[in-house]
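Trainee: Could you take me through the reasoning behind some of the labels used for aromatic residues here?
Mentor: Gladly; let us look at the model and then take the labels in turn.

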Amino acid sequence: MPLVLASWRSPLSNSASDTRASRIRLVVPMQVDSPTPLMPEPAPLMPEPRTPSATQPRPKEEVEHLAALYRQMLLIRRIEEESARAYAEGKIGGFLHLYIGQEAVGVGAIAALRPDDYVITTYRDHGIALAKGMSSRTLLAELFGKVTGCSKGLGGSMHMFDREHHMLGGYGIVGGHIPLAAGVAFASKYRGDGRVTLCFFGEGAVPIGGFHEGVGLAALWKLPVVFICENNEYSMGTPLSRSMSVEDVSLRAAGYGMDRDRFFADDVLEVERRIGDAVRRAREQSAPTLVEVRTYRFRGHSMSDPAKYRTQAELDEHKKRDSLLRARAQLAERGFAEARLEALEHSVEAEVADALKFANESPEPGLDLLEQTTYSGPYAY
């Protein structure tokens, strides 16, 4: 059994039963072997952990960097938890796909980028938008349908877009954005601007024609793009065993003569390092890479999904591998004082509370905006 180190309760939680929104349990991190390059055989779903090695002195810069990544992941977790609460209260309409459990993928991958690099993703886009630089206020205001949101409240949950931070959108059509990512990377290569494009998608997009079109053209034209499959083991409610004859998504890279990688997203620093290798390959060699990052979502596919297709025991087992718990434990091991950790966590709570207040108090789009974005031309009136 993992050793419980500490616990922390969110001051925003007002329900004892809402354990994910109110408490983070801290456990000793588990190490996962992940050799490079990977062998063709699919990695086991739940590899056996090995005993952590003795704590080694770490450069101060690395510890501070990990603290910044932990804060980003915690902010995403808390924003998503409060979004779920707001959805249940009727403040958010439409669909809502939460990133809870997958935070290390987006945060680690985007940490490997330059600020001017591009990101394009699916409808599970809140965490990606925050990691790319969108403010908590702007994101929650968009979710609440307010005019202060990133798309003035007209885009909503599945269509986060932030031109300033080169976040080129969440897309609701499964796999439809993958050729768009190839197009963005083609533009970068054509201009010679040295930018890299990250394209996130789930394993459910892999059988889609757009996946093969986008990946095939990226390989043919040697485009500076990294395709990141966030394999969270369920295409909506369908497990991998029922949706793929070959579960190793990264093997598909061989069909296009493309580099590949595959690993588990337990450690945000490992995600940053492995994606960083692919980003350097794209930037320096203009060569694409297909990366499969094994992860797990702790909630259903969307807020309308009760996730009855998996057992509580399976969910609990995956929660032991929570990347937030691991990052916090690593910080404690590397000498990051508990008082500083608590201050960091309280600063996240303050930011979330401020964003909620801002979203609640912001105005809705007026008729003048709704009219010009809904109707145009001689038959508008």
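Trainee: Why is Tyr234 called buried?
Mentor: In this predicted model, Tyr234 has a relative accessibility of 8%, and buried means under 20%, so Tyr234 counts as buried.

Trainee: How do you know whether Tyr296 is buried or exposed?
Mentor: The relative accessible area of Tyr296 is 3%, which is set against the cut-off of under 20%, and therefore Tyr296 is buried.

Trainee: What makes Tyr234 and Tyr296 an edge-to-face pair?
Mentor: Their ring centres are 6.4 Å apart and their planes stand at 75°; since a pair needs centres within 6.5 Å and edge-to-face needs planes over 60 degrees apart, the pair is edge-to-face. This pair links distant parts of the chain, 62 residues apart, with Tyr234 in strand β7 and Tyr296 in the loop between β10 and α10. Tyr234 and Tyr296 also belong to one aromatic cluster with Phe298 and Tyr309.

Trainee: How many aromatic pairs does the structure hold?
Mentor: The structure holds 6 aromatic pairs. One of them joins Phe186 and Tyr190, with ring centres 6.2 Å apart and planes at 25°, so the pair is stacked, given that stacked means under 30 degrees. Both residues lie in helix α6, 4 residues apart, about one turn of the helix.

Key:
Residues are numbered from 1 along each chain as its sequence is written. This is a predicted model: local features need pLDDT of at least 70, side-chain atom pairs count only at pLDDT 80 or more; totals for chains, interfaces and linings use all residues. Side-chain values use heavy atoms; hydrogens and water are left out. Helices (H or I, at least four residues) and strands (E, at least two) are DSSP runs, numbered from the N terminus. Buried means under 20% relative accessible area, exposed over 50%, partly exposed in between (1.4 Å probe, protein chains only).
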